[in-house]
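User: Please take me through this model, and for each term that you use, set the value against its cut-off before you conclude.

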Amino acid sequence: MIYFDKVTKRYGDTAALEEVTFSVAPKEFVSIVGHSGAGKTTLLKLLLAEERPTGGVVFFESIDINDLPNSALHHYRRKIGMVFQDFRLIPNKTAYENIAFAMEAAGRSDEEIASDVPYILELVNLADKAKHFPDQLSGGEKQRIAIGRAIINQPELVVADEPTGNLDPINTYEVVEILKKINELGTTVLITTHNKGVVDAIGKRVVTIDRGRIVRDDSDGKYIL
Amino acid sequence: MSWMVIKRMFVTGWKNFARGGAVSAATVVTMTVTLAIIGSLIFLSGMLTFTLNSIKDKVDVSIYFVTTASESDILAVKSEIEKLPQVAEVTYTSAADALTAFRGRHASDHLTLQALDELGGNPLDASLSVRAKDPSEYESIVNFLEASPALSAGGTSIVDRINYAQNKDVIDRLTLAIHATREVGLAIFAIFAIASILIAFATIRLAIYTSKDEIAVMRLVGASNAYIQGPFVVDGVITGILSASLVLLLLWPITWYTGQKTAGWFGGFDVANYYSTHFGLIFLVLMGAGVMLGALASMLAINRYLKA
């Protein structure tokens, strides 16, 4: 599904990623671990075509992302659900509208939005907070809304960049459980984290990055740094 | 673009504006000030035109005819002059009318009236007063008159004198002053208009800057550039319409008050009357400027956040 072929990304003289090669199969749950500045976020940015690689090729379902023109990027990004450490909800939209926005952007009809958004709000246990604005929600609630937004269009891949970084242990557990459930339902999940507890709770494949290089790739979910 | 998408852009734009709070309010205030400056420039332009026209109306060239010239010859000259494209108006004053007017002007000056009576008869000439459409045209009108055969009756000139030569200096200076005032006025208008437009642009740009993270998220969830841009443009247009409406509303009491206070200051220019008679034009200019400014500034400001 995802294939990084000798991908290098440099910012000036500094290499954020150096000849990284790895692949992710459909329905896999992969945790990318590493210290801050190891290159985890850069890897996700390349996957989302927020950045272009200096060398190598990134494939998503056999599409070379580098070949995508800017005008086609929004179509490509609709295939991926994105979750961020800082939630990145739109502040002047309610919880309902934040989730609905992803559907609106994908050109879904008002009827689809009216039927799907309440279902997702139920799924993330926030049906009663539909009309709340982000600043009226707790960190855990915000992250659950962000996950709802990420999965509303039933993407083939959900990418989560440090999704539990700003959460307390209880909310971290809830978010991990939601992500595991999403994966069990057939969606590929790729998360970056440096939280050992999260990696152990997931118990799936772990890719370790250090100074821009992949140093370990374990299928049994061990966090070793 | 489907109707559904357009409807969503309008609804989202309106919600963004309504929920914008202090940012929306600040943008409306700045845009209102900008449009108020543009509005006041329209009034200044109207006042300047009115004043210049009043001055121009006071300038004319008079052709005085010899006392022996018949009225029919003078009226023939009048109709010849009226045919000239640069002439705005020609007024005939007979010798008798001139005498009546003279007596009227000197009604309290017994010495002059006594001298006039002692002369016997009417010493004053009949005359034609010519007003050109533009003061710079007087020279060509006078040249035409001097070359015209209509000014001769049986080979003798029926013209006693034309007062252009003695007024030429004044007319030339006035023409120069009018042109200079227009040019300086235009430059001042342009400077103020550009400055106020730049301020409005900067404010909208700042308002959109506060949404840059939001724009980045919209892009990452797969919104197209047009879908992201649309609501911001709608927001800008709403700001423009609201600001223009505020200015149009505020202008009623302001022009009424100013009109009362400045009656007679500018040669009879009535600001309130100008506003009511030119409301259509002012409405179109302010509303058009508001909508254009709002839409264009939003579009340009957001473009920088939509690359790649």
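**Strands, cores and contacts**

Analyst: In E8(A), Thr192(A) is the bridge partner of Ile32(A). This is a predicted model, in which local features need pLDDT of at least 70 and side-chain atom pairs count only at pLDDT 80 or more, while totals for chains, interfaces and linings use all residues. Residues are numbered from 1 along each chain as its sequence is written, with chains lettered from A and ligands numbered from 1 in the order in which they are written.

User: Why are strands E6 and E10 of chain A said to stand at the edges?

Analyst: The open sheet has six strands in the order E6-E7-E8-E3-E9-E10 (chain A), and its pairing is mixed. Strand E6 (80-84) and strand E10 (213-218) of chain A each have a single partner strand, so one side of each is left without a neighbour in the sheet. From one strand to the next, the twist averages 15°.

User: What makes E1(A) and E2(A) a hairpin?

Analyst: Strand E1 (residues 2-11) and strand E2 (residues 14-24) of chain A pair in the antiparallel sense over seven bridges, with two residues between them, and Gly12(A) in the turn has a positive phi of about 70°. Within this pair, Lys9(A) stands opposite Leu17(A) in E2(A). E1(A) is also joined by five bridges to strand E4 (residues 55-60) of chain A, again antiparallel, and there Thr8(A) has Gly55(A) as its bridge partner.

User: Why is Pro85(B) called exposed, and where is it found?

Analyst: A residue is exposed if 12 or fewer other C-beta atoms, placed from the backbone, lie within 10 Å of its own, buried if 20 or more do, and partly exposed in between. Pro85(B) has 6 such atoms, so it counts as exposed, and its place is the loop between helix H3 (71-82) and strand E2 (87-93) of chain B. Pro85(B) and Ile141(B) are 9.7 Å apart in space, C-alpha to C-alpha, although 56 residues apart in sequence.

User: Which residues have the most contacts inside the largest nonpolar core?

Analyst: A nonpolar core joins buried Ala, Val, Leu, Ile, Met, Phe, Trp, Tyr and Cys residues through C-beta atoms within 7 Å. The largest has 98 residues, and Ile99(A), Val158(A), Val159(A) and Val221(B) have the most contacts inside it. Helix H3 (residues 95-105) of chain A gives the most to this core, with eight residues. Apart from it lies another core of 17 residues, including Val61(B) and Leu145(B).

User: How many residues of chain A are in contact with chain B?

Analyst: With contact defined as C-beta atoms, placed from the backbone, within 7 Å, 17 residues of chain A are in contact with 15 residues of chain B. The largest share of the chain A side, four residues, comes from H3(A).

Conventions
Pairing = 2+ DSSP bridges. Axes fitted to C-alpha atoms, helices over the stretch in contact; angles between N-to-C directions. Contact = placed C-beta atoms within 7 Å.
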